[in-house]
Amino acid sequence: WVPSRRFYLELAGSCIAWGAWLCEAMPAYALWLPNFGMVVEPEVLDDAEWWNPANDDLFVYFDSWSHLQELSSSLDLAPRRRRLRVWADAHVNRTLDQWRRLIIGDQSTP
């Protein structure tokens with residue numbers, strides 16, 4: 001379950017997700033993304049795995065808390081879980097390979 005891009009931006013703008021202390025420390029035009037830190041441009045969301053259009057079939061997006069409740073009671077998640085498991089395993093292997101090449105100094109692409 002992943003908030004839709006629109007709902008995420010709404011939550012990020014409202015400070016509900018992060019708490020007042022973080023919102024006070026951030027510029028009003030910035031967003032906080034777990035894998036990017038503070039970002040200024042909402043378009044960066046497309047680079048995050050959750051909202052990358054190439055991964056749309058992996059995640060279940062919800063547009064509100066009530067939408068999440070509806071989805072949680074109506075979806076068969078087994079096929080999506082299988083696709084996500086295959087994707088996650090490949091992602092882990094690709095990331096480990098990138099770190100391995102970085103550490104040993106091999107910059108060639110596989």
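These are my notebook entries on one predicted chain.

**Ground rules.** I number residues from 1 along each chain as its sequence is written. The model is predicted, so I take local features only at pLDDT of at least 70 and side-chain atom pairs only at pLDDT 80 or more, while totals for chains, interfaces and linings use all residues; side-chain values use heavy atoms, without hydrogens and water.

**Overall layout.** I looked up the secondary structure and found 4 helices and 4 strands. Helices (H or I, at least four residues) and strands (E, at least two) are DSSP runs, numbered from the N terminus. Along the sequence the pattern reads β-α-α-β-β-β-α-α. I noted that 24% of the 110 residues count as buried. Buried means under 20% relative accessible area, exposed over 50%, and partly exposed in between (1.4 Å probe, protein chains only).

**Surface.** The chain exposes about 7700 Å², and carbon and sulfur atoms supply 59% of that area. Accessible areas come from the Shrake-Rupley method with a 1.4 Å probe; for residues, only the protein chains shown count as cover.

**Cores.** I looked up the nonpolar cores, meaning sets of buried Ala, Val, Leu, Ile, Met, Phe, Trp, Tyr and Cys residues joined through side-chain atoms within 4.5 Å. The largest has 7 residues: V2, Y8, L45, A48, W51, L58 and F59. Another core, of 6 residues, lies apart from it and includes F7, L11, L71 and L77. In soluble globular proteins, nonpolar side chains tend to be buried together.

**L71.** I found L71 in helix α3 (residues 65–74). L71 counts as buried because its relative accessible area is 13%. Leaving aside neighbours within four places in sequence, L71 is in contact (heavy atoms within 4.5 Å) with W1, V60, Y61 and F62. The C-alpha atoms of L71 and Y61 are separated by 9.0 Å.

**S4.** S4 sits in the loop between β1 (2–3) and α1 (5–14). Its relative accessibility is 9%, so I list S4 as buried. Beyond neighbours within four places in sequence, S4 is in contact with W51, Y61, F62 and D63.

**Helix α4.** I checked the length of helix α4, residues 78–104. The expected span is 1.5 Å times one less than the number of residues. For its 27 residues that gives 39 Å, and the end C-alpha atoms are 39 Å apart, so the two agree. After α4 comes G105, with a positive phi near 90°.

**W99.** W99 is in helix α4. W99 counts as exposed because its relative accessibility is 52%.
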